[in-house]
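Please look through the structure below and follow the explanation alongside it. The text takes up charged pairs, then a pair of helices, then some points of the backbone.

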Amino acid sequence: MKQLILVRHAKAGWGAAGSPDFERTLSTQGERDAETMAGRLALRLSLNPPEAPPKLDRIICSSAQRTRTTAETLARKINYPIADIELDKNLYLAELDTWLETIQCLPEQLQFVVMVGHNPALSDLANCLVDNPIAGMPPGGMVYLQFGDIEWQQIGSTKPISEFFDYPARGV
């Protein structure tokens, strides 16, 4: 069974005048929201049946500073090694096709992957994959997708068997 969680980076600050977009960091609110969502992710993972605990195989994120910080916050909360986070420079401001191709090329031995990136492509990707479209993925938003016994290359042409959308302002 394939599991995929799409995460939009938490709220970013504006950065210093003239500083590149790539280097923008999380705002104070973004840091709080990243912690909140990391806690919710940890809780969701802990609610799985003890006989089938999920094993997160990989976290992949855009190499921009705000996505790295969001991914590291998630990793710390779920005890995933920060050094194992895969930075993908091609996901920085990538289009929908790049996201789909990245997912479809994942190694088949991976079953559970978290991907952290940017809008608008991440909302476009979520809406391409889910049955119930979302208006837009706010900063810190997560879409949890569970697919049946499929191959990664089928993502995009196969709908998930379950989906859940969560975001910081939603509450628990």
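This is a predicted model: local features need pLDDT of at least 70, side-chain atom pairs count only at pLDDT 80 or more; totals for chains, interfaces and linings use all residues.

**Salt bridges, helices and backbone**

A network of salt bridges links D21, R24 and R66. Side chains of opposite charge can pair when their charged atoms come close. In the pair of D21 and R24, the N to O distance is 3.1 Å. R66 also forms a salt bridge with D21, and here the closest N and O atoms are 3.0 Å apart. This second pair links distant parts of the chain: D21 is in the loop between β1 (3-8) and α1 (28-46), while R66 is in helix α2, and 45 residues separate them.

How buried or exposed are the members of this network? D21 has 30% relative accessibility and counts as partly exposed. R24 has a relative accessible area of 18%, and because buried means under 20%, R24 is buried. R66 is buried too, with a relative accessible area of 4%.

The structure holds seven salt bridges. Another of them is formed by D166 and R40, with the closest N and O atoms 2.9 Å apart. D166 lies in strand β6 (residues 162-166) and R40 in helix α1, so this pair ties together parts that are 126 residues apart in sequence. Both D166 and R40 are buried.

Next comes a pair of helices. The axes of helix α3 (residues 96-104) and helix α4 (residues 121-129) come within 9 Å and cross at roughly 60°. That angle makes α3 oblique to α4. The crossing of α3 past α4 is right-handed. Which residues meet here? On the α3 side they are L96, W99, L100 and I103, and on the α4 side A121, L122, D124, L125, C128 and L129. Sorted by kind, the residues of this contact are nine nonpolar, no polar and one charged.

The loop between β4 (112-117) and α4 contains P120. A cis peptide bond joins P120 to N119, with omega about 5°.

Two further points concern the backbone angle phi. N79, in the loop between α2 (65-77) and β3 (86-88), has a phi near 60°, a positive value in a residue other than glycine. N79 is exposed, with a relative accessible area of 70%. L93 lies in the loop between β3 and α3. The phi of L93 is positive, about 55°, although L93 is not a glycine. With a relative accessible area of 44%, L93 is partly exposed.

Notes: Residues are numbered from 1 along each chain as its sequence is written. Side-chain values use heavy atoms; hydrogens and water are left out. Axes are lines fitted to C-alpha atoms, for helices over the stretch in contact, and angles run from 0 to 180 degrees between N-to-C directions. Helices (H or I, at least four residues) and strands (E, at least two) are DSSP runs, numbered from the N terminus. Angles under 35 degrees count as roughly parallel, over 145 as roughly antiparallel, 65 to 115 as roughly perpendicular and the rest as oblique. A crossing is left-handed if the near helix is turned anticlockwise from the far one by less than a right angle, and right-handed if clockwise. Contact means heavy atoms within 4.5 Å. Ala, Val, Leu, Ile, Met, Phe, Trp, Tyr, Cys and Pro count as nonpolar, Asp, Glu, Lys and Arg as charged, and the others, Gly among them, as polar. Buried means under 20% relative accessible area, exposed over 50%, partly exposed in between (1.4 Å probe, protein chains only). A salt bridge is a side-chain nitrogen of Lys or Arg within 4 Å of a carboxyl oxygen of Asp or Glu.
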